[in-house]
Amino acid sequence: MEDYRRFELYIHIPFCAKKCLYCDFLSGVFDTDTQRDYVNALCNELKFYSEKVFGTVSSIYIGGGTPSWINPDLIVLIMQTVKENFKVDPLAEISIEANPGTVVAEAANTYLSVGINRISLGLQSANDDELEELGRIHTFKRFLSTYEILRKAGFKNINVDLMSALPGQTPEKLLYTLNKVTSFRPEHISCYSLIIEPGTPFYEKYHEDAVRQERGEETKFLPNEDQAYELMKRSQMYLEKKGYHRYEISNYAREGKECVHNLGYWNRVPYLGVGIGAASLIPPGYLVREPEDPEETGGMGLEWRTTNIRDIYTYIEECSHLPIVPERVGYEDMATIGSIKQITRKAAMEEFMFLGMRQIAGIKKSYFKKSFGVAIEKIYGHEMTELEREGLLTEKGDTVALTDTGLDISNYALAKFIK
Ligand code: SF4
């Protein structure tokens, strides 16, 4: 009998060759001993969860960091642990993130041999001066050789990550990158705007400009608000002309090549995240044993969110004595390596809207009703009417979606659903 409980698996590998100047992801430079200890700890965490969470894994995403930076044997160990401890859909999309210059042919073959069938390459730009400014380790030439290695090895599903709104970026420079990338036809392209994050070297250098950009004032280095908008619009038009349809604010795919894992995330498919900082969304019915005392947990029928600790050495230590014994199953140990909290119905509805409406196809009213037992109009009728009046939202039958203008100012439009 098919298991109706399906969930996605996210595996965080926080290791990089060098920290990029704009990056605030949970990642850093660590020696190979720490990398091995971490992966062993992560495999313990996987075993720990396999005793607690029911269901079939519908997709796997190995992200980071730079998973391709660690020894491929460690990726093999992770995949073996997953397969030995979880039921994985034989058709599951299994992705790994990689950086140009960090994958040799042998590694590519190893990834394929353990079932990895999609690879996401962090190119960011085809202009070497922009790559240098970002503090990336690769050049465009290195990217090309990595891409060739992957295609030769047999990867049929490749994503390329790009960035817009870079310091000094002109439309011509962005179009040069898009032209180069689309010419070798990757299946998927993500194009995110650079965000200046506190705590990064870029913040020191550019945060005054970022504030000016946000206020709609003239900037010195970063594109101003209008220029950033133009960059985003031109990349959208260019990619669509080249046969990549936009299916989420920053994501484009060739027909049928949308990222299953990300679609699941935007549609609130339950997920299990392992590794430092990883979060999980676990609905009722997915735990091997549900809480016995509803009072104690604030009531049954709500979803759980766990968030793992962020310090790598504490994580390794905690995972080394996780209670991996079948009889200790249930919700009570879930906070062992982080925190656990129930998601309120209100927060779940907000998330449903906030994430779902990022998709160009929008959301289904019937799915909202099925998820929360109440018509969407009862909860968000006022907001929807207001956005519709502003020309930012459209309703067609069962579908509610942002219009093109709504997508252009999605931060403003989506904020309406957070009450
Ligand atoms: S490779 Fe990615 S995760 Fe690593 S430092 Fe650069 S941007 Fe951050």
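## Domain interface

Domain 1 and domain 2 bury about 760 Å² between them. Buried area here is the accessible area (1.4 Å probe) that two parts lose on being put together, summed over both. Carbon and sulfur atoms give 48% of the area. On the domain 1 side, R246, E248 and I249 lose the most, together 58% of what that side buries. This is a predicted model: local features need pLDDT of at least 70, side-chain atom pairs count only at pLDDT 80 or more, and totals for chains, interfaces and linings use all residues. Residues are numbered from 1 along each chain as its sequence is written, and side-chain values use heavy atoms, with hydrogens and water left out.

## Domain layout

Domain 1 spans 6–264 and domain 2 spans 346–415; the bounds come from an automatic or database domain assignment. Their C-alpha centres lie 28 Å apart. Eight residues of domain 1 and seven residues of domain 2 make the contact (heavy atoms within 4.5 Å).

## Salt bridges across the interface

Two salt bridges cross between domain 1 and domain 2 (a side-chain nitrogen of Lys or Arg within 4 Å of a carboxyl oxygen of Asp or Glu). K233 forms a salt bridge with D408, with the closest N and O atoms 3.1 Å apart.

## Ligand shell

The ligand is surrounded by C16, K18, K19, C20, Y22, C23, F25, S27, G65, T66, N99 and R136.

Methods. Near = heavy atom within 4 Å.
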